[in-house]
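Please walk me through this protein model.

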Amino acid sequence: MLHRMLNAFGLVAVTATLEFYALEERSPSFILAFAGGCLASAVYGFLQGAWPFGLIEIAWTVVAIRRWTKRVARARGPARLRDWLVRRAALRPWAAAAIA
């Protein structure tokens, strides 16, 4: 039963990753969703015991988050992106140190 649930989670994670990748040009939100799909795929890889797959998916997560920040910065301007991130970090004190 647990094996089937893990396989279903993996299928959903990889399918979502593929779908969000195909939609990236429409909105920066899809780039962020792609990063989430990559992260979910990494979790699946580690749970499955395929740690090389998990490591590669973590790398793709980092790449996607960097692409998202660049795209949002282009759309909003760098100062507005930093202000947005600071406001979000104020809601999460643990994240404030990463932005400063």
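The questions below go from the fold to single residues.

This is a predicted model, where local features need pLDDT of at least 70, side-chain atom pairs count only at pLDDT 80 or more, and totals for chains, interfaces and linings use all residues. Residues are numbered from 1 along each chain as its sequence is written, and side-chain values use heavy atoms, with hydrogens and water left out.

Q: How many helices and strands does the protein have?
A: Helices (H or I, at least four residues) and strands (E, at least two) are DSSP runs, numbered from the N terminus. From that end, the elements run α-α-α-α-α. The count is five helices and zero strands.

Q: What share of the residues in the protein is buried?
A: Buried means under 20% relative accessible area, exposed over 50%, and partly exposed in between (1.4 Å probe, protein chains only). The protein has 100 residues. Buried residues make up 27%.

Q: What distance separates the end C-alpha atoms of H3?
A: The expected span of a helix is 1.5 Å times one less than its number of residues. H3 has 26 residues, so it should span 38 Å. The model agrees, with its end C-alpha atoms apart by 37 Å.

Q: How wide an arc do the buried residues of H1 cover around the axis?
A: The buried residues of H1 are Leu6, Gly10, Ala13 and Thr17. An α-helix has 3.6 residues a turn, so residues three or four places apart point the same way.

Q: Which residue forms a salt bridge with arginine 67?
A: A salt bridge is a side-chain nitrogen of Lys or Arg within 4 Å of a carboxyl oxygen of Asp or Glu. The structure holds one. Its closest N and O atoms are 2.2 Å apart, and the partner of arginine 67 is glutamate 24.

Q: How many residues apart are arginine 67 and glutamate 24?
A: Arginine 67 is in helix H3, and glutamate 24 is in the loop between helix H1 (2-22) and H2. Arginine 67 is partly exposed because its relative accessibility is 28%. Glutamate 24 has 6%, so it is buried. The pair links distant parts of the chain, and the separation is 43 residues.

Q: What is the geometry of the aromatic pair of tyrosine 21 and phenylalanine 34?
A: Rings of Phe, Tyr and Trp (its six-membered ring) pair if their centres lie within 6.5 Å; planes under 30 degrees apart count as stacked, over 60 as edge-to-face and the rest as tilted. A search of the whole structure finds two aromatic pairs. In this one, the centres are 5.5 Å apart with 45 degrees between the planes, so by the cut-offs the pair is tilted.

Q: What is the area of the nonpolar surface patch?
A: Patches are made of residues with over 30% relative accessible area and no salt bridge: like charges are joined within 9 Å, nonpolar side chains (Val, Leu, Ile, Met, Phe, Trp, Tyr) within 5 Å. Leucine 39, at 45%, is partly exposed, and is one of the patch residues. Helix H2 (28-48) and helix H3 (51-76) each supply at least two. By the Shrake-Rupley method, the area is about 850 Å².

Definitions and conventions. Areas by Shrake-Rupley, 256 points an atom, 1.4 Å probe, with all protein chains shown as cover.
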